[in-house]
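Subject: Structure handover

Hello,

Here is the structure I promised to pass on. My notes follow below it.

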Amino acid sequence: MTSLTQRSSGLVQRRTEASRSAADKDRTLGEEDHDEPRRGDEMDGDETGDSKETRLTLMEEVLLLGLKDREGYTSFWNDCISSGLRGCMLIELALRGRLQLETGGFRRKSLLARKVICKSDAPTGDVLLDEALKHIKDTQPPETVQSWVELLSGETWNPLKLHYQLRNVRERLAKNLVEKGVLTTEKQNFLLFDMTTHPLTNNNIKQRLIKKVQEAVLDKWVNDPQRMDKRLLALIFLAHSSDVLENAFAPLLDDQYDLAMKRVRQLLDLEPEGESIKANANELLWAVIAAFTK
C-alpha cells in the first residue's frame with residue numbers, strides 16, 4: 001500500500017521571528033474553560049482550555065495542520081493525508097471505546113494480522129465516525145487495520161468493496177471546522193475551474209494546536225510513550241504519516257526544530273508490537289501506527 005509509506009522529503013519553510021511573536025499574541029482564549037467530556041464519547045486527555053464547541057477530533061486536527069491558513073486548502077502535492085485521515089478515524093473510534101482488536105490467542109498474532117472488532121455501535125455524534133463504524137460493524141468476516149485504511153480510502157481493486165470508500169472526507173471535515181468557527185468558506189478561481197476553499201478564521205485554535213504538538217516533543221517531553229496522552233501520541237504519529245507534522249514545527253528556531261525532529265524520530269523508531277503489550281496500552285492505536293510505520 002504505497003500511500004501508507006510514501007513520505008515527502010521537502011521541508012516546510014520556517015517562519016520569521018516576527019510571525020512567531022504575532023502568533024504568540026493570538027494564544028489568549030480558552031485557558032479557563034474545563035468542560036467535562038462526555039463519558040464514552042470523548043477520548044483520553046482532551047486539550048486543557050478547549051471549550052466543548054472547539055474540541056477537535058483527530059481527523060480535524062490533522063487536517064487543520066495541513067491546511068494553508070490564507071488559501072484554505074491542503075498542498076496539491078500531499079498524497080499521504082487521505083490515508084492518514086482514515087487512520088485517524090480508526091484511532092478515534094478506538095479511543096472512544098467503539099473499536100478494538102480481536103484477542104491475540106495462545107499463539108499471539110501480530111498487530112497487523114489481527115482483525116478489527118466492533119466493541120460498541122453506540123453513535124458517536126460525528127457523521128464520518130458513525131459511517132466508518134457502521135461499515136466495520138456490518139462487515140463479516142472482519143478486516144485488519146491495514147485493510148480498513150485501504151477500504152475507507154477507496155484503494156482497492158475489488159469492485160465489490162468500493163462502497164466502503166468514505167467520500168469527500170476533507171471537504172466534510174472542513175465543513176465541521178467551519179461549524180466550529182475555526183474556518184470560513186470561500187470560492188477561488190483556478191483558471192479552468194472554481195474550487196471551494198476554507199481559509200483560517202480563528203487563529204487562536206490553530207495556534208493552541210501547534211503549541212500542543214511542539215510542547216509534546218520539547219518542554220513537556222516525557223521520553224516514554226506510555227506516559228504520553230494517547231490522543232496526543234496518535235496526533236504526532238498520524239500528522240507525520242499525513243506529511244503535515246513539519247507545519248507545526250515551522251515556527252521553531254533551528255535548535256528547537258532539530259531537537260523536536262530528533263524526538264519524533266525516537267517515537268518513529270519504537271516497536272509497536274512491544275509497546276502494545278505494555279500496561280494501559282491501546283492495541284488498536286499501536287496497530288494503526290504499525291500500518292503506517294512498517
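Buried here means under 20% relative accessible area, exposed over 50%, and partly exposed in between, with a 1.4 Å probe and protein chains only. Helices (H or I, at least four residues) and strands (E, at least two) are DSSP runs, numbered from the N terminus.

Two notes on the source. This is a predicted model, in which local features need pLDDT of at least 70 and side-chain atom pairs count only at pLDDT 80 or more, while totals for chains, interfaces and linings use all residues. Residues are numbered from 1 along each chain as its sequence is written, and side-chain values use heavy atoms, with hydrogens and water left out.

Of its 294 residues, 48% count as buried. Take the contacts (heavy atoms within 4.5 Å) between residues at least 6 apart in sequence: 69% of them join residues at least 24 apart.

Strands next. β3 (residues 186-189) and β4 run antiparallel, joined by four bridges; strands pair if DSSP finds at least two bridges between them. Asn189 sits opposite Asp194 of β4. Strand β4 (residues 194-197) covers one face, Met195 and Thr197, and leaves Asp194 and Thr196 uncovered. In a regular strand, side chains alternate between the two faces of the sheet.

Now Val244. It lies in the loop between α9 (230-241) and α10 (245-249). Val244 is buried, at 2% relative accessible area. Leaving out residues up to four places away in sequence, Val244 touches Val62, Leu65, Gly66, Asn78, Ile81 and Ala239. Leu64 is 180 residues from Val244 in sequence, yet their C-alpha atoms are 9.2 Å apart.

Best wishes
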